[in-house]
Amino acid sequence: MLVHPKDKLDPLQKAEAVYEIPCADCPKSYIGETGRSFGVRLQEHQKEVQKFELKQYTRATRKSSIADQHKSAITDHVVGTNHNIEWDQAKVIDRESDKTTRWLKEAIWIRRRGDNILNKDEGAYKLHNIFDQLITTPPMAFAKRTVSSGMGCQSEEDDRLS
């Protein structure tokens, strides 16, 4: 009999996380971070979108509402495109207890998504563009390129084989 010393934590209870909330109608996603539980933060996003969805609009008031900046980038997307959010597909994509490192991870995830992002900004941590190639290049492709270009370490045995 196998014993699991710790029960798996419900994803909604995970705290100190970087998370992703996808759009159901396009490839874009929202990337965020929280020190609180992911479920609580997800509910806050849902309530913000629901505030807009529950309002009754005339054509004129809806048009002016589209131009408004909402509290959430997700709400801006829903209002501006009439898209739906896949709340049940929202997930924790990274975890970090240190707040500054979590901000850095959020910025990296946002940068990796490129144009497929709903965020209004690049996150709390302002990541310099000098890191773009490193962030967007798959790890194995980067390793192969550095070794083949002579930038990697090469042993004497490798020299004899080539």
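## Overall layout

Helices are DSSP runs of at least four residues, and strands are DSSP runs of at least two. On that basis, this predicted model has seven helices and three strands. Read from the N terminus, the order is β-β-α-α-α-β-α-α-α-α.

The protein has 162 residues, and 31% of them are buried. Its accessible surface comes to about 11400 Å². Carbon and sulfur atoms hold 52% of that area. Now take the contacts in the protein with a separation of 6 or more: 57% of them join residues 24 or more positions apart.

## An aromatic cluster

Which residues make up the aromatic cluster? They are Tyr19, Tyr30 and Phe38. The count of aromatic pairs is two. In one of them, Tyr19 and Tyr30 sit 6.3 Å apart, centre to centre. Their planes are 45° apart, and the pair is tilted. Tyr19 belongs to strand 1 (residues 15-22) and Tyr30 to strand 2 (residues 29-37), so the contact ties together parts eleven residues apart in sequence.

Are these two tyrosines buried or exposed? Tyr19 has a relative accessible area of 1%, so it is buried. Tyr30 is at 12% and also counts as buried, because the cut-off is under 20%.

Tyr19 also pairs with Phe38. This pair is tilted too, with 5.4 Å between centres and 45° between planes. It links distant parts of the chain: Tyr19 is in strand 1, while Phe38 is in helix 1 (residues 38-54), 19 residues away. Both Tyr19 and Phe38 are buried.

## Salt bridges

Side chains of opposite charge can pair when their charged atoms come close. How many salt bridges does the structure hold? The count is eight. One of them joins Arg102 and Glu33, whose closest N and O atoms are 2.7 Å apart. This pair links distant parts of the chain, with Arg102 in helix 4 and Glu33 in strand 2, 69 residues apart. Arg102 has 5% relative accessibility, so it counts as buried.

Lys105 takes part in two of the bridges described here. With Asp94, the N to O distance is 3.3 Å. Lys105 lies in helix 4 and Asp94 in strand 3 (residues 91-95), so this bridge ties together parts eleven residues apart in sequence. Lys105 is partly exposed, at 22% relative accessible area. Asp94 is partly exposed as well, at 21%. Glu96 also bridges to Lys105, with the closest N and O atoms 3.4 Å apart.

## A charge over a ring

Which ring does Arg112 lie over? Arg112 lies over the face of Trp109. The distance from the ring centre is 5.1 Å.

## A nonpolar surface patch

Ile130, Phe131 and Leu134 form a nonpolar patch on the surface. Together they have about 320 Å² of accessible area. Where does Phe131 lie? Phe131 is in the loop between helix 4 (99-113) and helix 5 (132-136). Phe131 has a relative accessible area of 39%, so it is partly exposed. Patch residues need over 30% relative accessible area, so Phe131, at 39%, clears that cut-off.

Technical notes:
Residues numbered from 1 in each chain as written. Predicted model: local features only at pLDDT ≥ 70, side-chain atom pairs only at ≥ 80, totals over all residues. Heavy atoms only, no water. Patch = residues over 30% accessible without salt bridge, like charges linked within 9 Å, V, L, I, M, F, W, Y side chains within 5 Å. Areas by Shrake-Rupley, 256 points an atom, 1.4 Å probe, with all protein chains shown as cover. Salt bridge = Lys/Arg side-chain N within 4 Å of Asp/Glu carboxyl O. Buried < 20%, exposed > 50% of the residue type's maximum accessible area, 1.4 Å probe, protein only. Contact = heavy atoms within 4.5 Å. Phe/Tyr/Trp six-rings, centres within 6.5 Å; stacked < 30°, edge-to-face > 60°. Lys NZ or Arg CZ within 6 Å of the ring centre and 35° of its normal.
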